[in-house]
Structure formats: C-alpha cells, structure tokens
Amino acid sequence: MAKRRWHRVITMLLAGVCGCLCSCGTPSAAVTEEVTTVMHLPYLEQTYAQLHLPAVQEPVVATWLPYFLYPELFGSGTEEQARAAVREMLSPAATMGINTVFAHALAFGEAYYRSDYYPLAEGIGAVDYLQILSEECDALGLSLHAWLNPLRLQTPAVMDAWSRQGILTEWYGDPSRRAAYMVQVGERYYLNPACREVHMLLCNAARELLTTYAIDGIHIDDYFYPTTEASFDAAAFAASGATDLATWRRGNINHLLKELYTAVHSVRQDAVFSVSPGGNLQADLQSQYADCALWCSSQGYCDWLIPQLYYGYENQTMPFAETLAQWLALPRDASVRMLVGLAAYKVGAVDAFAGTGSEEWQQNQGLLARQMQQVTALGTQYGAALYHLESLLSMPKAEQIVLQQEIFTFFSDSFYPSAVS
C-alpha cells in the first residue's frame, strides 16, 4: 500500500522536474540525445536512499475482528451473502480511517480455515472465511493479518467431540502426547510452551496461513501462561535442569516469539509479526511470563508490539496517561513499532475493574478520541489498534465523528485513509 502511494508522489515530483525543463526553452542537441538515450534504459525503481527522501512509515490504525462476529458475517451459508455482510461491516471502518484488520484465524485451538494442524471450529461450512476477508479487505485497501490465540484451547467436552482432523486432534486423542503437550487449567486445556513440539505447531500454522492466503502478517494476543502454579509444568521444569521457574518460563515464551518471528519472515520478508500483550507491564512479566521490555528493545521477537491499554484516565490502578508513559519509556529497537491498543468496547459502558473510575466511560464523551489524539501526537512511527470492530461501529454517531477526526490527523498528504484515497 505504501509503495503505491510513494509511486504517486514520485510521479508528481518527476512531473514537476519535466515541467521545469519544458519552461526553460528548447534543449540543445546534446541534451536531447541524452534524454533519448535515458528513455531507452530499463525501468529501475529507486529506493528512498537514492531519492534522498525519508523512509516515512505509513500510519497504522487497526481494529480486531474476533471470532464471535463470524456467525453474523458468514452464518448465511452462501458466499455471495457472506461477501456482502463482510463488505457492509468493513466499509464504514475504512471510511472511519481504519487501514488494518486483525481477523481471527485460530481461537481455542480451532481453525476458521481448513488447516492441516488444527481442527475446524464448529459451524464452519463450505465458505472460506479468510479468502473472503482477504479479497474484500484488498478491495477496500485494508491490510489483513491472521490472528492466533497461541496457547488457549477448548474445554474437554468440546475437544472430546473433535473429529480426527489435524495434528492437535491427534495429540488430544493420544493420552501420552496429551499429557506431554497439554495442561488442563480450570475448565479448559492450554498448550505447554515448554514443549518444542508446541512451538513447531504454531510456526507451522503461521507458515500455512501465509502460504495459503494473501495476508500481510501474523498476529498473536496475550494468551501465554494461564497460571503461576508450579504444577502446570513441573515435569518439564525438572527435566530442564533450570533453577528459577519464572526465568525459565520467560525463556520459553521468548523462544516461542523468536521462532514465530523467524517462521513468518522465512515465508515472506515483508510480512509483519505482531504481538498484543496485556497493558500491565508488571502483570505481563510476573503472571504470564511475557518479557515485553525485552521484545521492545531487541530485534527478532516481533515487528509490532501492541499493548492493550484498555483503561480510562480515571482508572484507579492503571490510569491511561501514566500507563502509556510507562510503555513509551521502554527502550525500543528501531525494528520494533509500537501500536497502542484502545478499548472501543468500553465506550458508554461501566468499567467494572476501574475502581473509582468505573463510570468514566459513561460520563465522559469523546474519551476514545482523546486517547487517539495522544497516540497520533506521537507521530507515524507509532499507531493505534481498536478493540473491536463491532464496538467501533456501534458507538454513538457523535463519538464516531470525533474519533474519525482524530484518526484523519494521523495521515499526511502522502498517506490517506483508504476511504478517501
């Protein structure tokens, strides 16, 4: 998308140069001969460095499209109706300035596409969800990324009903592999990130998606370790020879990200691998063993880091402005881009975990737009992601208008939202 827009800019620059030449009278024979010769040379695209132009990053304003919206989009059963429903939902988002969509491809260990590694999610018919999404996004100028829940699986009752399809189903059906690769926590199973085979499963899924669909990246969310209990992976920890459980667990997650990053870029160098951890840095590190500071400061873990800052300004324990400042203070490698996750789903709702700030989203209009303004003020090397698409489109019209105004300030003369390009 960025290349196409830069081609437009380059064309305008060259047109200006040609205009200047034409206004300076008839060129000499030598000049005419030189121009004629140059015109017969093969076209070679110039790089930013050769043009002496800055490598401007296109702004990213993203939204999530979660699996629970799929029945509404694809429940009709016919491809034509599904396409119309997808277009009807995505078009107003593009008009608002959204240019990137994270769409669920894998949730609860179940695939919303036909996978060699995961069983199909319940209710999937003949319609290819991701193919429709990729084509409709492309038509609207939107970038599509496949969204995976990395470790969270289904409940035993649902997994018992899985047909024998895919590697994960085979694991579950084999008691020894189930015990090695899966752990039940509460009502559901989780994959064990200590296992090399689990890493390979996720990497294979990423490669499968990138080679099957015209998508621009792989996105994972914050389903890492589901518990701090030592019993979760006691056998693997004992076999590892490590002495500190927390350090060892963080190493497992770090290694998983590194492998996913490598897998994504082995398929296509320009593909994006993004990760969206929770917004509480301390909880990420201590409860889910997600070392976000390392991922931010080092190359090779992710391309985009998208903390979920789903807080209001009056949140009693995690106020938005202060929490954003903590993330911005992290040392950041030049290869890592930070997007800020914002909570469209909280507009007009009670924030049950915000303490004394629980009614802020109900009482203050334009709160989401105010947060977007803070993000756009950071410059185009940053970005925003709004959770989730349906909530975004369900906001009161007045809220949508002020949010759109803030999003549009993110786009310079060279970069327009798809709706107005």
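Predicted model: local features only at pLDDT ≥ 70, side-chain atom pairs only at ≥ 80, totals over all residues.
**Entry 1: strand β1**

Are the faces of β1 covered or exposed? I looked, and both are covered: Val60, Ala62 and Trp64 are buried on one side, and Val61, Thr63 and Leu65 are buried on the other. Buried means under 20% relative accessible area, exposed means over 50%, and partly exposed lies in between, with a 1.4 Å probe and protein chains only.

Residues are numbered from 1 along each chain as its sequence is written, and side-chain values use heavy atoms, with hydrogens and water left out.

Back to β1, which spans residues 60-65 and has six of its six residues buried. I take helices (H or I, at least four residues) and strands (E, at least two) as DSSP runs, numbered from the N terminus.

Next I looked up the partners of β1. Two strands pair if DSSP finds at least two bridges between them. β1 pairs with strand β11 (residues 382-387) in the parallel sense over four bridges, and four bridges also join β1 to strand β2 (residues 100-107), again running parallel. I followed Ala62 both ways: Ala385 stands opposite in β11, and Thr100 is the bridge partner in β2.

**Entry 2: the nonpolar cores**

I then turned to the cores. A nonpolar core is a set of buried Ala, Val, Leu, Ile, Met, Phe, Trp, Tyr and Cys residues joined through side-chain atoms within 4.5 Å. The largest one has 117 residues, and Leu65 is among those with the most contacts inside it, as are Phe74 and Trp295. Helix α12 (residues 245-267) gives the most to this core, with nine residues. Another core, of 13 residues, lies apart from it and includes Trp64 and Val272.

What does Leu65 touch, leaving aside neighbours within four places in sequence? I found Tyr70, Met89, Phe102, Trp147 and Leu389 among its contacts. Contact here means heavy atoms within 4.5 Å.

**Entry 3: salt bridges**

How many salt bridges does a search of the whole structure find? It finds nine. A salt bridge is a side-chain nitrogen of Lys or Arg within 4 Å of a carboxyl oxygen of Asp or Glu.

I picked out Glu136 and Arg87, whose closest N and O atoms are 2.9 Å apart. Glu136 sits in helix α6 (residues 129-140) and Arg87 in helix α5 (residues 79-96), so the pair ties together parts 49 residues apart in sequence. Glu136 is buried at 6% relative accessible area, while Arg87 is partly exposed at 38%.

I also checked Asp351 and Lys346, which meet in a salt bridge at 3.1 Å, N to O. Both of these residues are buried. Last, I noted a network: salt bridges that share partners join Glu79, Arg83, Arg87, Glu135 and Glu136.

**Entry 4: Thr376**

Where is Thr376 placed? I found it in helix α17 (residues 367-376). Thr376 is buried, with a relative accessible area of 13%. A polar atom of its side chain lies 3.0 Å from the backbone oxygen of Gln373. Not counting residues up to four places away in sequence, Thr376 touches Glu406, Thr409 and Phe410.

Terms used. Polar contact = N/O pair within 3.5 Å; in protein donor to acceptor, adjacent residues only side chain to side chain.
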